[in-house]
Amino acid sequence: MDRYEPLKIEQKWQKIWADTAAFKATEQPGTPKMFLAEMFPYPSGAGLHVGHVRNFTIVDVLTRFYRQQGLNVLRPFGYDTFGLPAENYAIKTGTAPQEITEININNFRKQAKRLGYAIDWSREINTSDPEYYRWTQWCFLQLYKKGLAYQKESYQWWCPVDQTVLANEQVENGHCWRCGHEVEKKKMKQWFFKITEYADELLEEIDNLDWPDKIKTMQRNWIGRSVGAEIDFAIAPDKKFASRPTEGGRHITVFTTRPDTILGATFLVVAPEYPGLEYLLTDDTREKVLAYKFAALKKSEVERQENKEKTGVFTGSYAINPATKEQIPVYVADYVLAGYGTGAIMAVPAYDDRDREFAEKFDLPVVQAELIDRDLYGTPKVTYRMRDWLISRQRYWGCPIPIAYDKDGNPHPIPEDQLPVLIPEVDDYKPDNSGRSALAKATDWLKCQIPVTDEKTGETHLEEMTRETDTLDGYACSSWYLWRYASPHDTAAAWDPEAIKYWEPIDYYVGGDHAVAHLLYIRFWCKFFADEGYLPFREPIKKLLYNGYINAPDGKKMSKSKGNVIDPLDVINDGYGADTLRTYEMFIGPYDQDAAWDPRSVGGVYRFLNRCWNLAFNPAERESLAESGAAVCPKGHKDSARAARSVPEGHTAAPDSAANSTTIRHKTIKKVTEDIHKYNFNTAVAALMEYVNELYKQGASHEDLVVLAKLLKPFAPHLACEMLEHLHATDEWPTWDEKYLTADTVELVIQVNGKLRAKLTVDKAALDDEDQIIALALADDKIQKYTTNGVKKTIFIKRAKLINLVV
């Protein structure tokens, strides 16, 4: 080729890599391993976006870097395919989720291959593949056996349009995040995982994680461990009530982290969802309290906590402070959450800002009481902000929960030899009128035969039961996939113990979303399966990298509705190629910070790669460009004349242009190597740009070009491979020699009458010869115009590298 044509080069090398299974990984005992992966994506119909490219390319740069260093590297890929988008599309169009998911996966795979990622495609996984979710169901059953998967009734966000339970983060300003309809709270029997059983260990081990501090802080806050006490406040006996439900006690148990302040407790507050609320109401307060309750249930917990204006209603009841024996009023207010502690608090306005604001609004007393012994009242208690993990979803397109119910409604686990419980085909994907998923419409599928053992005789017989129609939260499917990567085709177990011992835990996990829930859940499952003897480690991730977003050129978030989404394939097909896109996204800024897309810089990176091409393939063109300073763009493009010949503002320059070729080369090797180790991908690319500048100025030897290609390969692998083939070189990572990094020269400052007039570069050895140093200074052209009348005195301070001439 006469010129750099990335699309031709990339097509060539992608075919070579596919034909040779270049990135297939196998266990190699005795060889150091490196296991890297991104948080696997949901394969939407829109395909990859430039945010995916940043995330995936970080993984690929490290993958290729460690491969070039001789490590045995595993970089698999997968798809998180269950969820509402595919189900809603099925409801709208009648297209089976299985069908649209397969189309989307094929599109994602094709796009990822166009980007030249070093993926072991033989390990590709898909969470909606029955061979995968068979083992998700097996994981559920292990938790169920140990009592960590259980059912209970609780209030849940419910979208009447999507007919499904919503998590807190899926409720936005009282509306469903998906369809925008107003949500409501509905009391339902749901399945939960008891993550709180591991709350202490999850919290305590955070300090030891090699994760970004902001993610660790978010994890701590989510767990929210509080140490305090539960204290019983008896309900005042002299109140007349309109009704008394049969359930509920005659006292209110509160949780407090400050039992020592009980003398200052002047009122109680219960959450709108408090189970004993009905018991507290009178004829005068019932209507008002219930209206307040149902209004509060339309708000998310985040909204209730952020609302600065305190609201509430008096229930009509009083409780007795066990320390002061005084009657204090009981209020209901939405700043108290049902899931925290007992759902009831003692309010001490003298010591708590929120309580004081509430007291001031409702004209309640504020008592500055003395503190007492913490242990005088109540029972010591530890509570958590983190709730048990709600896993029930009223969806068709999800992993079926492997449970069936007998005629009395008692749950029974599906036997492991009956797994997977397959998702049946249905004609209508809408939930039924009761809110059950479309699985409830598969009448033949609902019935199953489950072995039951008679407690008296010990004999086993088959009993017809009805399957659970809820499916698992998608987070369950993503809580174990990293271990499946070790042996993705294993039909005998969820993961192979020997493969786990070799590859796991993962060395690098890279993501830009799911900072809290997913990471907590995968840690929870890891600890559980370690306790059960299935894993030899208790933390699943050695190193977590968390990348920033790529925003639109104006800094706003990209979205379809705004019409500002950048399609990575458009960038590639416009002639820039995948190597330009990959390198640009690593060069755009520090990987962990958000960055705005800049079309001009894309062109600059293309020109940089074009200059790399010319150095290796087109010396005549190289010399012409060096003399003219001309910019190069893909055919048909009109871009700015700013060529990538110098390091952009804000990036760290590397080699010294005055140094010789060998010094420059070794400095660049060190700079790029250390930058990649520190995840400073942007400054590594900047160093390569500066290296190319120096090679244009001083000329490039064969060794210079080989080093350039090797250092370039993690970022622009197609071009680098083409260069290495042309140069008849292999790709092992180069090393530097420190002896070339020690400067042989020093710079001296020359002053005349104390003012800086010139600088002088001399050999280090010359510093020991003051006469020679002074002679060189006096011979300098810039100095001679100040010394025409002679020099009265010379001063040379060796340690300061300073010469002062007094005239």
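# Reading a predicted model, feature by feature

Visitor: Leaving aside neighbours within four places in sequence, which residues is Lys713 in contact with?
Guide: Contact means heavy atoms within 4.5 Å. With its neighbours within four places in sequence left aside, Lys713 is in contact with Arg64, Gln68, Ala720, Cys721 and Asp731. Lys713 lies in the loop between α22 (702-712) and α23 (717-726). Helices here are DSSP runs of H or I of at least four residues, strands are runs of E of at least two, and both are numbered from the N terminus. The model is predicted: local features need pLDDT of at least 70, side-chain atom pairs count only at pLDDT 80 or more, and totals for chains, interfaces and linings use all residues. Residues are numbered from 1 along each chain as its sequence is written, and side-chain values use heavy atoms, with hydrogens and water left out.

Visitor: Is Lys713 buried or exposed?
Guide: Buried means under 20% relative accessible area, exposed means over 50%, and partly exposed is in between, with a 1.4 Å probe and protein chains only. Lys713 has 10% relative accessibility, so it counts as buried. Across the protein, buried residues make up 54% of the 807 residues.

Visitor: What is the mean pLDDT of the protein?
Guide: pLDDT is the predictor's confidence in each residue, from 0 to 100. The mean for the protein is 90, and 93% of its residues reach 70 or more. Over residues 239-248 the pLDDT is below 50, and this stretch has 19 contacts in the model beyond near neighbours in sequence. Residues 625-631 also have pLDDT below 50, with ten such contacts beyond near neighbours in sequence.

Visitor: How many helices and strands does the protein have?
Guide: The secondary structure comes to 25 helices and 31 strands. The C-alpha trace spans about 110 × 70 × 50 Å along its principal axes. Among contacts between residues at least 6 apart in sequence, 74% join residues at least 24 apart.

Visitor: At what angle do α7 and α16 pack?
Guide: Two packed helices are described by the angle between their axes and the distance between the axes. Axes are lines fitted to C-alpha atoms, for helices over the stretch in contact, and angles run from 0 to 180 degrees between N-to-C directions. Helix α7 (residues 213-223) and helix α16 (residues 517-531) pack at about 75 degrees, with their axes 10 Å apart. That makes α7 roughly perpendicular to α16; angles under 35 degrees count as roughly parallel, over 145 as roughly antiparallel, 65 to 115 as roughly perpendicular and the rest as oblique. On α7 the contact is made by Ile215, Gln219, Trp222 and Ile223, and on α16 by Leu519, Leu520 and Arg523.

Visitor: What is the strand order in the sheet that contains β30?
Guide: Strands of a sheet pair through backbone hydrogen bonds, either parallel or antiparallel. Two strands pair if DSSP finds at least two bridges between them. This open sheet of four strands has the order β29-β28-β31-β30, with mixed pairing. Its edge strands are β29 (755-763) and β30 (793-797), each pairing on one side only. The twist averages 20 degrees from one strand to the next. Helix α24 (residues 770-779) packs on the sheet, touching β28 (745-752), β29, β30 and β31, and its direction makes about 125 degrees with that of β29.

Visitor: How many bridges join β30 to β31?
Guide: Five bridges join β30 to β31 (residues 802-806), and the two strands run antiparallel. Lys793 stands opposite Val806 in β31, and the bridge partner of Thr794 is Leu805. The two strands form a hairpin with four residues between them, and Lys801 in the turn has a positive phi of about 55 degrees. Lys801 is partly exposed, with a relative accessible area of 32%. Asn753, in the loop between β28 and β29, likewise has a positive phi of about 55 degrees although it is not a glycine.

Visitor: Which peptide bond at Pro420 is cis?
Guide: The bond from Leu419 to Pro420 is cis, with omega near 0 degrees. Pro420 lies in the loop between β20 (411-413) and α12 (443-446). Leu419 and Pro420 are among the contacts of Arg134 beyond four places in sequence, and Arg134 is in helix α5 (residues 130-145). A cis peptide bond also joins Glu504 and Pro505, where omega is about -5 degrees.
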